Amino acid sequence: MPVISVIIPVYNAEVTIRETIQSVLEQTFSDFELIVINDGSQDSTLEIVSNIPDPRIKVFSYPNAGPQKSRNRGIEKATGDYLAFLDADDLWTADKLDAQLQALQSHPEVAVAYSWTNWVDEKGQFWRRGTYISASGDVQAKLLLIDFIGSGSNPLIRRQALEKVGNFDESLVGGQDWDMWLRLAACYPFIVVPKPQVLYRKSLFSNSWSNNVERQEKGFKNVIAKALDQAPESIKSLRRDIISNRYKCLVVDALERPSSRQRGLTAARFIWIALSNDPSLLQARVLVKVMLRMTIVTLLPPQQAQALLTKLGKLAEVHALYGYLRSDPS
């Protein structure tokens, strides 16, 4: 049996799936199986995957049911002692599995190894660095304050730990990744591989869940409530900080999208909720620039707003807020 099972849920990803799979096949650690769950794709995804000549690839096709159901189906098919998940448009550096496996094997008490993430654009070119947080051991509180794992394409997980906490929660409307990491963190230590090994592809124009900030909000509220319900009192006391941090993230997500009045109003609502839970945000110098951006996006027609924001420095102030809220929480 293979040591690692890599699970890729895929739906209509003909543009990216070949490159994603290639980043797995080029891993320096080679004793893995690659389980591709074709989630009812309507394009040429299945044909592309089926024509990649590598015996480690196993393809299973089902009617469309969403990424979390697909991940759970992949878990059912997996035979490895360690599991890793990879979204169909993300990429790994060649040493990702090797470094994470070494970290887990060197620390038998640890159940999850994760790496740092960089963001790439639709063409796979570097866009910006992600969250470079180094948290190991008991990370439950820190992971609630900020999701430093960042995506479903990051961690390598011991199969026994995953079996204990259960599969991805398909009842959640969003945030299922974060929910899974939190359930694991409540039971097991984590360990970091302090180097960027996950390339998270970000498209500002797709219809993906990550671009639907209202749905994100609903999902994250449910995840926070679920996690805090079973958390110790020391973590429950962080509730306002947890909520504020999540809404700061939503502000960034809203303002990174193409300009529209609705986006500006949504970002304004998010920043108000963040401020009401963490008034210290008023002291952040970057807040003035973020408020200016929200005003421009809300009051001007989209094309004029985008042109003016480009002259003002594109997304620099949004990225500054991103850096501010993503700083390593103490």
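## Salt bridges and a helix contact

Lys 195 has a relative accessibility of 36% and therefore counts as partly exposed, where buried means under 20% relative accessible area, exposed means over 50%, and partly exposed lies in between (1.4 Å probe, protein chains only). The model is predicted, so that local features need pLDDT of at least 70 and side-chain atom pairs count only at pLDDT 80 or more, while totals for chains, interfaces and linings use all residues. Residues are numbered from 1 along each chain as its sequence is written, and side-chain values use heavy atoms, with hydrogens and water left out.

Side chains of opposite charge can pair when their charged atoms come close. A search of the whole structure finds 13 salt bridges, a salt bridge being a side-chain nitrogen of Lys or Arg within 4 Å of a carboxyl oxygen of Asp or Glu. The table lists three of these pairs.

| Pair | N to O distance |
|---|---|
| Lys 195 and Asp 95 | 2.7 Å |
| Asp 169 and Lys 226 | 2.7 Å |
| Glu 217 and Arg 269 | 2.8 Å |

Lys 195 forms its salt bridge with Asp 95. This pair links distant parts of the chain, since Lys 195 belongs to strand β9 (residues 190-201) and Asp 95 to the loop between β5 (91-92) and α4 (96-106), 100 residues apart; helices (H or I, at least four residues) and strands (E, at least two) are DSSP runs, numbered from the N terminus. Asp 95, with a relative accessible area of 25%, is partly exposed.

Asp 169 and Lys 226 also meet in a salt bridge. Asp 169 lies in the loop between α6 (159-165) and α7 (176-185) and Lys 226 in helix α8 (residues 213-229), so the pair ties together parts that are 57 residues apart in sequence. Asp 169 is buried at 18% relative accessibility, whereas Lys 226 is partly exposed at 29%. Both residues belong to a network of salt bridges that also links Asp 179 and Arg 183.

The side chains of Glu 217 and Arg 269 meet in a further salt bridge. That pair links helix α8, which holds Glu 217, to helix α11 (residues 261-277), which holds Arg 269, and the two residues are 52 residues apart. Glu 217 is buried at 9% relative accessibility, while Arg 269 is partly exposed at 37%.

In the contact of these helices (heavy atoms within 4.5 Å), Val 213, Glu 214 and Glu 217 in α8 meet residues of α11 including Arg 269 and Phe 270.
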